[in-house]
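These are my notebook entries on a single protein chain. I set down what I looked up, topic by topic.

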Amino acid sequence: MWQQRTLQLAPKTKGFHLITREVLDQLPEIADIQTGLLHLFIQHTSASLSLNENADPSVRGDMERHFRHAVPENAPYYEHTMEGPDDMPAHIRSVMLGESLSLPIGQGQLLLGTWQGIYLGEHRNNGGARRVVATLNGD
């Protein structure tokens, strides 16, 4: 069984956001899969997907502070600046973190670790709504 659809994520502020529930709410058919995979792919070059801590929100804040330090806005060596000072850093952060995840499904649920959740890395000040292609495969 293969299924695919594009999920719409609500606009988020710049930073790291736990979106596991938002994703699962749009994929109720996961409950019918005994063994399978969910592949998520974000269709944007200025946002990212990753898997990380789902309990302590300070981790998401620390992630954002780290990336603001590691990939600053207004670096004098950026050439791609016409779309604003947050655009080139957003592209770099997206490349560093990635645009997709493959997650196992078992007995009708994602087989995430106890402290794992799906993160949207919103790397623009005003990124807007984001699209994620969700591909399900399983029995």
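I took buried to mean under 20% relative accessible area, exposed to mean over 50%, and partly exposed to mean anything in between, with a 1.4 Å probe and protein chains only.

**Basis of the entries**

I worked from a predicted model, in which local features need pLDDT of at least 70 and side-chain atom pairs count only at pLDDT 80 or more, while totals for chains, interfaces and linings use all residues. I numbered residues from 1 along each chain as its sequence is written, and side-chain values use heavy atoms, with hydrogens and water left out.

**Entry 1: overall form**

I looked up the secondary structure and found three helices and eight strands in the protein chain. Helices (H or I, at least four residues) and strands (E, at least two) are DSSP runs, numbered from the N terminus. Along the sequence I read the pattern β-β-α-β-β-α-α-β-β-β-β.

I then checked the dimensions. The C-alpha atoms fill a box of roughly 50 × 30 × 20 Å along the principal axes. The radius of gyration is 16 Å, which agrees with the value near 14 Å that a compact globule of 139 residues would have. This radius is taken over C-alpha atoms, and the globule rule is 2.2 Å times the number of residues to the power 0.38.

I noted that 43% of the 139 residues are buried. The chain exposes about 7,500 Å², and carbon and sulfur atoms supply 53% of that area. Accessible areas come from the Shrake-Rupley method with a 1.4 Å probe; for residues, only the protein chains shown count as cover.

Residues 24 or more positions apart account for 81% of them.

**Entry 2: the sheet of five strands**

I traced an open sheet of five strands in the order E1-E8-E3-E5-E6, with antiparallel pairing. Strand E1 (2-9) and strand E6 (109-110) stand at its edges with a single partner strand each, so one side of each has no neighbour in the sheet. I applied the rule that two strands pair if DSSP finds at least two bridges between them. E1 and strand E8 (residues 130-138) are joined in the antiparallel sense by eight bridges, and Thr-6 stands opposite Val-133 in E8.

**Entry 3: the sheet of three strands**

I found three further strands in an open antiparallel sheet, ordered E2-E7-E4. Its edge strands are E2 (15-18) and E4 (47-53), each pairing on one side only. Neighbouring strands are turned by 35° against each other on average, direction ignored. Helix H2 (residues 57-70) packs on this sheet and touches E2, E4 and E7; the direction of H2 makes about 155° with that of E2. For such angles, axes are lines fitted to C-alpha atoms, for helices over the stretch in contact, and angles run from 0 to 180 degrees between N-to-C directions.

I also recorded four antiparallel bridges between E2 and strand E7 (residues 116-122). Phe-16 stands opposite Gly-121 in E7.

**Entry 4: aromatic pairs**

I looked for ring pairs and found three. Rings of Phe, Tyr and Trp (its six-membered ring) pair if their centres lie within 6.5 Å; planes under 30 degrees apart count as stacked, over 60 as edge-to-face and the rest as tilted. Phe-16 and Tyr-119 form a tilted pair, because their ring centres are 6.2 Å apart and their planes stand at 55°. Phe-16 belongs to E2 and Tyr-119 to E7, so the pair ties together parts 103 residues apart in sequence. I noted both residues as buried. Ring pairs link Phe-16, Phe-67 and Tyr-119 into a cluster.

Tyr-77 and Tyr-78 form an edge-to-face pair, 5.2 Å centre to centre with 80° between the planes.

**Entry 5: loop residues**

Which residues does Ala-10 contact, leaving aside its neighbours within four places in sequence? I found Glu-22 and Ala-129. Ala-10 sits in the loop between E1 and E2 and is partly exposed at 39%.

I listed Asn-74 for its positive phi of about 60°, although it is not a glycine. Asn-74 lies in the loop between H2 and helix H3 (87-97) and is exposed at 59%. Gln-107, likewise not a glycine, has a positive phi near 50°. Gln-107 is in the loop between strand E5 (100-106) and E6 and is exposed at 67%.

How values were computed. Contact = heavy atoms within 4.5 Å.
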